[in-house]
Amino acid sequence: MTNGFETLAIHAGQEPDPLTGAVVPPIYATSTYKQDGVGGLRSGYEYSRSANPTRTALEEALAAVEGGARGLAFASGLAAEDTLLRALCKPQDHVIIPNDAYGGTYRLFAKVHSRWDLHFDPVPLGDLDAVAGAMTQKTKIVWVETPTNPLLGIADLAALAHLAHENGALLVVDNTFASPYLQQPLALGADVVVHSTTKYIGGHSDVVGGALVAADQGIGDELAYHQNAMGAVAGPFDAWLTLRGLKTLGVRMDRHCDNAERVVDLLLAHPRVTQVLYPGLGEHAGHEVAAKQMKRFGGMVSFRVAGGEVEAVEVCDRAKLFTLGESLGGVESLIEHPGRMTHASAAGSPLEVPADLVRLSVGIETVDDLLADLSQALG
């Protein structure tokens with residue numbers, strides 16, 4: 001029987017407890033497990049770095065909603081990314097990344113894995129010819145964000161999957177901004193999906209976590225080996241909170257999208273806004289691709305203001321209901337200045353973001369209140 005997204009999010013990996021009938025998976029706050037004789041694991045559990053029943057429930061649910069063979073939960077999104085790179089790459093391999101990737105991802109490549117002799121090139125992934133031109137015999141991964149953070153760029157996942165596979169590379173997609181509710185990269189040919197579950201999947205700004213979901217069982221097993229060997233796993237309480245958030249992802253994303261569309265309308269009409277970046281706009285360069293591969297266009301909106309960096313910072317400071325803060329994807333609305341905050345690590349690099357850019361994570365509050373706050377912040 002085929003189950004819908006919301007059904008999988010609520011039930012996959014989460015059967016009622018056979019002993020008590022509890023409908024919510026328990027928090028297994030244990031580090032070790034009694035074994036049934038030497039080497040006799042009970043239900044496969046021996047030590048909670050290797051596996052924990054609460055984390056297993058989350059991992060099975062994540063695999064189900066992304067349509068993958070195996071899901072893995074980590075202590076953070078960057079822990080998931082680091083594990084993937086060390087599992088699937090070796091020194092002197094090459095990775096293609098977006099030319100406007102998340103600043104933390106860029107830092108991981110530029111400051112951490114470069115010392116391990118892993119090479120990378122930032123490329124505009126919306127330009128397939130540019131991607132093809134950047135491929136080498138050592139290219140192991142094409143790393144995609146779509147939409148990108150913070151410029152909301154769009155990449156054609158099916159086309160990139162074909163191009164990557166044709167050149168013997170894997171397609172890895174950071175699906176954090178879209179969430180599995182709005183976009184299914186594995187169904188479009190991706191090999192691995194990455195998430196910061198801190199964001200939309202957790203959804204309540206109360207837990208930090210990351211995830212990998214592999215389309216292929218063999219890749220999933222390789223990632224799982226490194227997850228255990230490297231040890232940056234999600235703890236049981238973090239896994240429980242993330243699983244709780246996943247259950248309501250569908251209904252939250254619908255509200256995020258509804259509110260974001262109203263915010264975009266306000267920004268388009270405001271005289272102090274010089275550009276609105278949102279893939280739902282017909283004039284957005286990636287609109288047609290986004291419409292093809294996304295259910296809706298998401299809750300993230302970026303815009304540029306007249307007056308440059310000074311005015312962008314002042315808009316952030318004047319906002320009241322939009323909380324000035326990093327991260328995204330929670331029920332509350334956030335505002336930030338990427339150049340000085342989330343993307344400061346990319347300053348001076350090819351991934352440096354415009355100084356007049358403001359990024360919004362549009363929450364699920366009453367939309368008229370959000371519009372009033374933005375209006376007064378813009379002046």
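**Reading local features in a predicted model**

Modeller: Let's open with S43, which sits in the loop between α1 and α2. Helices here are DSSP runs of H or I with at least four residues, strands are E runs of at least two, and both are numbered from the N terminus. This is a predicted model, so local features need pLDDT of at least 70 and side-chain atom pairs count only at pLDDT 80 or more, while totals for chains, interfaces and linings use all residues. Residues are numbered from 1 along each chain as its sequence is written, and side-chain values use heavy atoms, with hydrogens and water left out.

Colleague: What is the phi of S43?

Modeller: Most residues other than glycine have a negative phi. S43 is not a glycine, yet its phi is positive, about 60°.

Colleague: And is S43 buried or exposed?

Modeller: Look at relative accessible area: under 20% is buried, over 50% is exposed, and in between is partly exposed (1.4 Å probe, protein chains only). S43 has 67% relative accessibility, so it counts as exposed.

Colleague: Which side chain reaches the backbone oxygen of T146?

Modeller: That of Q183, at 2.9 Å. Q183 is placed in the loop between α7 and β6 (192-196). Its relative accessibility is 1%, so Q183 is buried.

Colleague: What else is Q183 in contact with?

Modeller: Contact means heavy atoms within 4.5 Å. Leave aside the neighbours within four places in sequence, and Q183 meets E66, T146, L157, N175, A178, Q293 and M294.

Colleague: Now rings. How many aromatic pairs are there?

Modeller: Rings of Phe, Tyr and Trp (its six-membered ring) pair if their centres lie within 6.5 Å; planes under 30 degrees apart are stacked, over 60 edge-to-face, and the rest tilted. The structure has six such pairs. In one of them, the centres of F5 and Y181 are 5.3 Å apart with planes at 65°, so that pair is edge-to-face. F5 comes from helix α1 (residues 5-11) and Y181 from helix α7 (residues 179-182), so the pair ties together parts 176 residues apart in sequence. Both F5 and Y181 are buried.

Colleague: How are the planes of Y33 and Y45 set?

Modeller: At 35°, with centres 5.6 Å apart, so this pair is tilted. Y33 and Y45 each lie in the loop between α1 and α2 (53-66), so their pair ties together parts 12 residues apart in sequence. Y33 and Y45 are buried as well. Elsewhere, ring pairs join Y106, F109, F120 and W143 into a cluster.

Colleague: What angle do α2 and α9 make where they pack?

Modeller: Axes are lines fitted to C-alpha atoms, for helices over the stretch in contact, and angles run from 0 to 180 degrees between N-to-C directions. For α2 and helix α9 (residues 236-247) the angle is about 35°, and the axes are 8 Å apart. From α2, the contact takes T54, R55, A57, L58, A61, L62 and V65; from α9, it takes P236, A239, W240, T242, L243 and L246.

Colleague: Where does Q217 lie, and what does it touch?

Modeller: Q217 is in helix α8 (residues 217-230). With 40% relative accessibility, Q217 counts as partly exposed. Not counting residues up to four places away in sequence, Q217 touches A69 and R70.

Colleague: How far apart in space are V276 and D129?

Modeller: They are 26 Å apart, C-alpha to C-alpha, and 147 residues apart in sequence. V276 sits in strand β8 (residues 273-277) and is buried at 12% relative accessibility. Skipping residues up to four places away in sequence, V276 touches V264, L267, L268, L281, V301, S302 and F303.

Notes:
Polar contact = N/O pair within 3.5 Å; in protein donor to acceptor, adjacent residues only side chain to side chain.
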